[in-house]
Amino acid sequence: MFIVIIGPPGAGKGTQAKRLTEEMGLIHLSTGDIFRENINNRTELGVKVKKLLDNGILVSDELTIEIVKDRLIDLGFDRGAIFDGFPRNVVQAQALDDFLRDNGAKVSVALSIEVQNEVVIDRLTGRRTDMKTGRIYHVIYDPPPVGVKVEQRADDIRETVEKRLSDYCETTVPIIEYYKQRGILSVIDGNADVDDVTENLVKCLSGEVLL
Ligand code: ADP
Ligand code: ADP
């Protein structure tokens, strides 16, 4: 099954997608993680996109779609995936639909995690990531254990967060309507505790999982 998780930066997409992959055996496909891995490994792609990511600027549709297609071809279409951070706009959503259709697959459900802006700013400025494992922490809500080396993302400073949030409203919110019109949208309250959000997401998906 292919699932799309939508939500503003800090909504908990990465946190929840990682939990869902553990619960459901799906693959987590995060375009942000792919770009950051490439930046850390100083690949050609990483060098190309570093400045964009550091400043919260979206990578071109062409490059992003190409990377997702390559990753899907590598993974195959049998196990399904949870897309996190992709699609980011209607052009990407259409490209994903076309590509999956050409390969006999489709997006079965789009989960929109809704969170208030103040909550998101608080979450992002406190977000820390274990660079070795990719595990996401929060300095207050989910503090990293002593001895675990964590880093703050360059784009998680307040000014960049505000830009990313306004881009989300302008560019990404229209895909919520896109999936609604296709009858596959579920909306989840992301303000609750991590465990409660996971429980609600699993409930939303349980009908789908049985299909
Ligand atoms: P996104 O992938 O949507 O940008 P993340 O999953 O990285 O969001 O979460 C952003 C920050 O908020 C992280 O520090 C994470 O630990 C924290 N977080 C995620 N979900 C919750 C929640 N339900 N309650 C409190 N903090 C959360
Ligand atoms: P967040 O989890 O905070 O929403 P992501 O990890 O999804 O952030 O994205 C971080 C950055 O990676 C974005 O600001 C952008 O530069 C780039 N990026 C990730 N996904 C996409 C995409 N689908 N299209 C264009 N740029 C992307």
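I count two strands as paired if DSSP finds at least two bridges between them. I take helices (H or I, at least four residues) and strands (E, at least two) as DSSP runs, numbered from the N terminus. The model is predicted, so I kept to its thresholds: local features need pLDDT of at least 70, side-chain atom pairs count only at pLDDT 80 or more, and totals for chains, interfaces and linings use all residues. Residues are numbered from 1 along each chain as its sequence is written, chains are lettered from A and ligands numbered from 1 in the order in which they are written, and side-chain values use heavy atoms, with hydrogens and water left out.

I started with strand β1, residues 2-6. Are its residues buried or exposed? I call a residue buried under 20% relative accessible area, exposed over 50%, and partly exposed in between (1.4 Å probe, protein chains only). In β1, 5 of the 5 residues are buried, so the strand is largely enclosed by the rest of the structure. F2, V4 and I6 point one way, I3 and I5 the other.

I then looked up the pairing. β1 runs parallel to strand β3 (residues 81-84), with 4 bridges joining them; there V4 stands opposite F83. With strand β4 (residues 107-114), β1 pairs in the parallel sense over 5 bridges, and I6 has S112 of β4 as its bridge partner.

β4 also pairs with β8, again in the parallel sense, over 5 bridges. A110 stands opposite L185 in β8.

**Entry: the antiparallel sheet**

I found an open sheet of 3 strands in the order β6-β5-β7, with antiparallel pairing. Its edge strands, each pairing on one side only, are β6 (136-138) and β7 (150-151). β5 (residues 127-130) meets β6 over 3 antiparallel bridges. In that pair I noted R127, whose bridge partner in β6 is H138.

The loop between β6 and β7 holds I140. I140 counts as exposed because its relative accessible area is 60%. V139, I140 and Y141 make a nonpolar surface patch of about 330 Å². For patches I used residues with over 30% relative accessible area and no salt bridge, joining like charges within 9 Å and nonpolar side chains (Val, Leu, Ile, Met, Phe, Trp, Tyr) within 5 Å. Areas come from the Shrake-Rupley method with a 1.4 Å probe; for residues, only the protein chains shown count as cover.

**Entry: salt bridges**

I counted a salt bridge where a side-chain nitrogen of Lys or Arg lies within 4 Å of a carboxyl oxygen of Asp or Glu. How many salt bridges does this rule give? The count comes to 15.

R19 and D195 form a salt bridge at 2.9 Å, N to O. This pair links distant parts of the chain, with R19 in helix α1 (residues 13-24) and D195 in helix α9 (residues 194-209), 176 residues apart. R19 is partly exposed, at 27% relative accessibility.

R135 and D142 also meet in a salt bridge, 2.9 Å from N to O. Both ends are partly exposed: R135 at 35% and D142 at 29%.

R158 and E162 form a salt bridge at 3.2 Å, N to O. They are 4 residues apart in helix α7 (residues 158-172), so about one helical turn separates them. I also noted a network in which salt bridges that share partners join R127, R153, D155, D156 and R164.

**Entry: negative patch**

I found a negative surface patch formed by E62, E66, D70 and D74. Lys and Arg count as positive and Asp and Glu as negative, with His and the chain ends not counted; each charge is placed at NZ of Lys, CZ of Arg, CG of Asp or CD of Glu. E66 sits in helix α4 (residues 61-75) and is partly exposed, at 43% relative accessibility.

**Entry: backbone and single residues**

I found a cis peptide bond between F86 and P87, with omega about -5°. P87 lies in the loop between β3 and α5.

R42 is not a glycine, yet its phi is positive, near 50°. R42 lies in the loop between α2 (31-40) and α3 (44-54), and is exposed at 70% relative accessible area.

Last, I looked up L96 in helix α5 (residues 90-102). L96 is buried, at 3% relative accessibility.
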